[in-house]
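Dear colleague,

Please find below the sequence and the structure that I am handing over to you. My findings follow directly after.

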Amino acid sequence: MNQPQENTEELKAAKVSFYEKHKIIYAKGVRGYFDNWRIALVIFTQVLFYGGLWLTWNDRQAILLHLVERKFYIFGVVFWPQDVIYLTALLIVSAYGLFLVTAIAGRLFCGYACPQTVYTQIFMWIENWVEGDRNARIKLDKAPMDARKFRIKATKHLLWGIIGLWTGFTLVGYFTPVQELINNVLTGQLGPWETFWIFFYGGFTILMAGFMREQVCKHMCPYARFQSVMFDPDTMIITYDEERGEPRGARKKNVAPNAPKLGDCIDCNQCVIVCPTGIDIRKGLQYECIGCAACVDVCDQVMEKVGLPKGLVRYSTENAMAKHQGKQEILAHIIRPRILLYTFILIVITGLAIWFLTTRIPLKVDIIRDRSTLAREADDGRIENVYMLQIMNTEEQSHRYKVTVDGLPGAEITGDVEVDVAPASLQSFNTVVAVPPDAGKTGSNPIHFEIVALDNPDIKVREKAAFLLPR
């Protein structure tokens with residue numbers, strides 16, 4: 001009878017925590033085949049990001065998302081707010097491209113090209129260079145603060161700060177002309193928004209890549225949560241060959257002949273030490289695994305040292321592990337319904353976007369009828385309607401356009417019918433259309449404006465408008 005009461009008291013006294021205490025992960029650096037690929041991708045992505053800012057095109061910044069002017073310059077193409085459909089297409093293509101890569105090779109993007117992984121890798125290189133390898137960093141953190149420790153930590157954080165602020169500056173330089181941004185920085189006239197975003201993005205780069213690292217991948221990134229939806233038994237993932245590796249154990253000399261036979265895993269724990277998220281791949285696939293293959297590199301090195309075949313930890317699939325399939329059989333299962341569907345959608349959307357982009361007319365026209373004066377009678381008895389035309393030249397060369405109107409008998413534009421529009425600019429002006437009083441029915445009548453470039457007849461737009469005839 002006293003048993004339940006005792007258990008209740010024990011449960012009350014027990015301290016239950018629903019949160020795992022954060023442990024600093026001291027990931028050991030490893031060199032190998034996959035690490036070389038990771039280094040190459042880090043260099044490639046950062047050359048694109050940092051170097052793209054300084055490219056020029058037609059005497060201007062080649063890539064400039066100019067928010068003030070509301071124009072996006074991408075080399076020789078100028079996008080306006082009306083071109084939001086192309087941004088939508090880009091986002092869809094990026095999403096399906098990510099889905100396709102994930103379905104084929106798991107979190108390959110996370111391990112090699114994700115900005116979080118890339119900048120974490122850069123910050124870890126700085127950390128290893130300044131503080132030393134894993135053991136040196138552990139020893140340094142445990143040591144009391146002194147002049148040497150302060151100098152090392154200060155040097156590391158100074159370098160982190162330089163990388164972070166330069167990253168923030170580079171990002172802002174894609175939205176504000178970089179030469180203008182440099183002049184503002186040198187003269188102390190940096191605007192509040194530019195200042196905010198440089199320090200905000202730079203600070204978050206330092207926070208995410210320097211301090212939070214694996215916590216971003218484990219707790220903040222939504223991709224880790226829904227990746228399983230895109231996985232199937234034929235998806236390439238980092239796997240531990242349990243059949244070959246177990247039972248694990250250290251190799252000892254002079255082992256008795258009748259001793260239990262061990263698997264190939266010598267339980268050196270190196271795969272855990274090099275993991276940037278601190279997981280043990282031998283426990284199976286976990287959502288924290290970013291597919292960086294650091295464990296593959298270090299395990300292959302250990303296997304080579306002990307004289308055992310490589311591949312105890314390797315890229316493989318669930319089906320391949322269960323059915324003992326080789327590389328050729330794994331490659332043969334890449335083409336499957338899910339992959340074909342993603343590929344088909346990706347090709348269709350990409351093809352349509354390219355087609356619309358290459359065939360689009362570099363001219364946009366908006367016609368707004370003057371609502372303050374619905375219709376008026378001119379001195380010659382004709383009925384006039386006033387319109388405001390907005391002609392948008394999306395090319396980086398000036399054009400002279402001719403404006404004509406049709407749709408009602410005798411309709412014509414009074415005043416100038418030609419207008420010059422500067423490169424990549426918008427020209428607004430009022431125009432008056434006059435028609436005989438008996439040209440149409442009372443009320444709204446459809447008419448059409450045609451705007452054509454005089455130097456290139458292929459550049460033309462035909463827009464519909466309404467002409468009001470009074471009773």
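The side chains of Arg 213 and Glu 127 form a salt bridge with an N to O distance of 3.1 Å; the term denotes a side-chain nitrogen of Lys or Arg within 4 Å of a carboxyl oxygen of Asp or Glu. This pair joins distant parts of the chain, 86 residues apart: Arg 213 sits in the loop between helix 9 and helix 10 (214–220), and Glu 127 in helix 5 (residues 115–131). Helices (H or I, at least four residues) and strands (E, at least two) are DSSP runs numbered from the N terminus. Arg 213 is buried, its relative accessible area being 11%, and Glu 127 is buried at 9%. Here buried means under 20% relative accessible area, exposed means over 50%, and partly exposed lies in between (1.4 Å probe, protein chains only).

Please note that this is a predicted model, in which local features need pLDDT of at least 70 and side-chain atom pairs count only at pLDDT 80 or more, while totals for chains, interfaces and linings use all residues. Residues are numbered from 1 along each chain as its sequence is written, and side-chain values use heavy atoms, with hydrogens and water left out.

By the salt-bridge rule, the count comes to 26. A further example joins Arg 244 and Asp 264 at 2.6 Å, N to O. That pair also links distant parts of the chain, with Arg 244 in helix 12 (residues 242–245) and Asp 264 in the loop between helix 12 and helix 13 (270–273), 20 residues apart. Asp 264 is buried, with 17% relative accessibility. Through shared partners, salt bridges join Glu 127, Glu 131, Arg 137, Asp 141, Lys 153, Lys 156 and Arg 213 into one network.

Within helix 2 (residues 33–52), Asp 35 and Arg 38 lie 3 residues apart, about one turn of the helix, and their side chains meet in a salt bridge of 3.1 Å, N to O. Asp 35 is buried, with a relative accessible area of 5%, and Arg 38 likewise counts as buried at 5%.

I turn next to the aromatic residues. A search of the whole structure finds 19 aromatic pairs. Rings of Phe, Tyr and Trp (its six-membered ring) pair if their centres lie within 6.5 Å; planes under 30 degrees apart count as stacked, over 60 as edge-to-face and the rest as tilted. The rings of Trp 160 and Phe 211 are centred 5.6 Å apart with their planes at 85 degrees, so this pair is edge-to-face. It connects distant parts of the chain, 51 residues apart, with Trp 160 in helix 7 (residues 147–173) and Phe 211 in helix 9. Trp 160 is buried, with a relative accessible area of 1%, whereas Phe 211 is partly exposed at 46%.

Phe 196 and Phe 200 form a stacked pair, 5.2 Å centre to centre with 20 degrees between the planes. Both lie in helix 9, 4 residues apart, about one turn of the helix; helix 9 spans residues 192–212. Phe 196 is partly exposed, with a relative accessible area of 39%, as is Phe 200 at 34%. Ring pairs link Trp 193, Phe 196, Trp 197, Phe 200 and Phe 204 into a cluster.

On the surface, Trp 193, Phe 196, Trp 197, Phe 200, Phe 204, Leu 207 and Phe 211 form a nonpolar patch with about 720 Å² of accessible area together. Patches are made of residues with over 30% relative accessible area and no salt bridge, like charges being joined within 9 Å and nonpolar side chains (Val, Leu, Ile, Met, Phe, Trp, Tyr) within 5 Å. Accessible areas come from the Shrake-Rupley method with a 1.4 Å probe; for residues, only the protein chains shown count as cover.

The largest nonpolar core has 27 residues, of which Ile 391, Tyr 401, Val 435, Phe 449 and Phe 467 touch the most other members. A core is a set of buried Ala, Val, Leu, Ile, Met, Phe, Trp, Tyr and Cys residues joined through side-chain atoms within 4.5 Å. The largest share of this core, 5 residues, comes from strand 16. Apart from it lies another core, of 24 residues, among them Cys 265, Cys 271, Ile 281 and Val 313.

Yours sincerely
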